[in-house]
Amino acid sequence: MQSNMFQELLKQNDFVITAEVGPPKGSDPIKFLEKASHLKGYADAFNVTDNQTAVVRLSSFAGSILLQRNGLQPILQMSCRDRNRIALQSDILGASALDITNILFVTGDHQTMGNHPNAKGVFDIDSIQLIQLAKQLRDKGLFQNGEEIKQGRPEIFIGGVCNPFATPYWYRIQRLEKKADAGAEFIQTQSVFDIQRFASFMDMVIEQGLHKRLFILAGITPIKSKKMLDRMKYHVPGVDIPDEIYTRLASALDFVHESITLTLDLMEQIKKMKGISGVHITALFWEDIIPLLVKESGCYPRPTID
Amino acid sequence: MIVTRKKSFEDIINALGAGSVYILGCSQCATLCRTGGEKEVLEMKDLLEQQKISVTGFFILDPACHKKNSKHLLRNELQNIEQSDHLLVLACGDGLQVVSSLFPKKHAISGTDTLFLGAEEKRGVFTKRCHLCGTCIAEEFNGLCPIGQCPKHMLNGPCGGSMNGYCEVSTDYPCIWEFILESMANRGQQKNLKQFIKPHNWKESFVCSLEE
Ligand code: SF4
Ligand code: SF4
């Protein structure tokens, strides 16, 4: 087994950076690998999304293998929308066999939101049940049905997501605790724009001691254009861009400059928060801005394992 | 009830093609949904006749899904049914199939789309309640069912897509978890809020016949 750099860095309390690299809408890996290789050295691990927003793309599994072959540490994403418990368990075993050990388990956006709205969704189990199942496979060596695993328990680092900006707000902390109880070890949050709400969420995390049980990476999303801003504000499920931030960006003379400034402001405030283990950068269609953000926020060069 | 929606008249005409029609309605759910009661059956008859399609007769079954009773009720209509080329059924998919099994030689056409098992909230507003999942666990949620009412069947709390109390799937569809959590909180069920609900047993939803 290769060492899990991402996990090691979190354990040694470094401020960790993960970045999302969306796989292509096609089978050609060249652009995807180019995009990812530009980010080499600027993030510690790379999320490969699983048909995000229910739009068909190259699979997270294939994307993760491509990254790994090119020396980048992948975080495989697995959603409950397209696979039942049989397929999910089988993929967890397969991932571990291929040394893909970081897995982010999510429920997934509903299929009617994507580009094949007539598809039948699966939703056999939900994200918390999947996290619990992954832990059971690893720690107890038992399949969901209680049968014993025969040859090799999967060695995986279990991740989940959390959206502090989804309603009802008061329940989000309890749901995070449920995820921790189920077996989550690291959490990547929804993109933070409402820093006040996020700060009060983190206060509750500390109060409940969840920061001691989970490595929490705060979501960061630099917005590339006014068009993207509108899309994120009005059409992407789960994203909350407060009016104040919207106006700040929308009325800026130099949109890109203002967006970078805003992102760096947010990163700085997040870095200071107690209980935060790092940031997860999702730069939709703007991945090439990531090196600049990492440098300007004082996170470059990336740490190594002691 | 089984909630149905009328198919467009154009779709019905296309499905009919040529030939004469016998129309069947249903006194129960389809009447409540105003898709296959007496009024709708008579309206359909008029519309078809305006299109010069011959209607050999009509009948409102009580209800269509009661096979033995349907057979009995139709005993005096056999000749009219025999004269028709198509049976147009204004009932749910179940009623349709009871009719087609009674008249295997006839071409049965559905005049409705069957949507879900739900309730009429207020006049003309129907909402899905139950997914017919086979093993009822609604008591875990104070009788508010996330299998029936959440498009992702989330059993351990709301997904990250709920915004201002509404579901990510549609901004005019409330997230059922708002109500479940509110009910748990109001009843002081702190333990239930954190309780892990295990993967559901869907097996019983594949049971296709039942004998008492
Ligand atoms: S638990 Fe199953 S049977 Fe009970 S209301 Fe929900 S969907 Fe229907
Ligand atoms: S928003 Fe609520 S009802 Fe809609 S999919 Fe998520 S949990 Fe289910």
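A:T53 is partly exposed, with a relative accessible area of 29%, where buried means under 20% relative accessible area, exposed over 50% and partly exposed in between, calculated with a 1.4 Å probe on protein chains only. This residue has a positive phi of about 50° although it is not a glycine, and it lies in the loop between strand 2 (45-48) and helix 3 (60-69) of chain A; helices (H or I, at least four residues) and strands (E, at least two) are DSSP runs numbered from the N terminus. The model is a predicted one, in which local features need pLDDT of at least 70 and side-chain atom pairs count only at pLDDT 80 or more, whereas totals for chains, interfaces and linings use all residues. Residues are numbered from 1 along each chain as its sequence is written, chains are lettered from A and ligands numbered from 1 in the order in which they are written, and side-chain values use heavy atoms, with hydrogens and water left out.

In chain A, eight strands close into a barrel in the order 1-2-3-4-5-6-7-8, with parallel pairing, two strands being paired if DSSP finds at least two bridges between them. Neighbouring strands of this sheet are turned by 30° against each other on average, direction ignored; axes are lines fitted to C-alpha atoms, for helices over the stretch in contact, and angles run from 0 to 180 degrees between N-to-C directions. Strand 1 (residues 16-20) of chain A pairs with strand 2 of chain A in the parallel sense over three bridges, and A:E20 stands opposite A:N47 in strand 2 of chain A. Helix 7 (residues 195-207) of chain A lies across strand 5 (157-162), strand 6 (186-191), strand 7 (215-220) and strand 8 (276-281) of chain A, and runs at about 175° to strand 7 of chain A, contact meaning heavy atoms within 4.5 Å. Helix 10 of chain A also packs on the sheet, where it touches strand 7 and strand 8 of chain A, with a direction that makes about 165° with that of strand 7 of chain A.

Helix 10 (residues 255-272) of chain A further packs with helix 9 (residues 243-250) of chain A at an angle of about 140°, their axes being 9 Å apart. In this contact, A:I245, A:R248, A:L249 and A:A250 of helix 9 of chain A meet residues of helix 10 of chain A that include A:F255, A:L262 and A:D265. The residues of the contact of helix 9 of chain A with helix 10 of chain A divide into five nonpolar, two polar and three charged, where Ala, Val, Leu, Ile, Met, Phe, Trp, Tyr, Cys and Pro count as nonpolar, Asp, Glu, Lys and Arg as charged, and the others, Gly among them, as polar.

Two glutamines of chain A were also examined. A:Q111, in the loop between strand 4 (102-106) and helix 5 of chain A, counts as buried at 11% relative accessibility; leaving aside neighbours within four places in sequence, its contacts include A:A54, A:R81 and A:F123. A:Q132 is found in helix 5 (residues 127-140) of chain A and is partly exposed, with a relative accessible area of 24%. With neighbours within four places in sequence again left aside, A:Q132 is in contact with A:A182 and B:F196.

Chain B is divided into domain 1 (2-115) and domain 2 (133-205), with bounds that come from an automatic or database domain assignment, and the C-alpha centres of these domains of chain B lie 37 Å apart. An open sheet of four strands in chain B has the order 3-2-4-5, with parallel pairing. Strand 3 (55-61) and strand 5 (107-110) of chain B stand at the edges, each with a single partner strand, so one side of each is left without a neighbour in the sheet. Strand 2 (residues 21-26) of chain B pairs with strand 3 of chain B in the parallel sense over six bridges, and the bridge partner of B:I23 in strand 3 of chain B is B:F58.

Most residues other than glycine have a negative phi, and most peptide bonds are trans. A cis peptide bond joins B:D62 and B:P63, with omega about -10°. B:H153 has a positive phi of about 50° although it is not a glycine, and counts as buried at 12% relative accessibility.

The residues around ligand 1 include B:C130, B:H131, B:C133, B:C136 and B:C145, a residue being near a molecule or strand if one of its heavy atoms lies within 4 Å of it. By class, the shell around ligand 1 has eight nonpolar, one polar and no charged residues.
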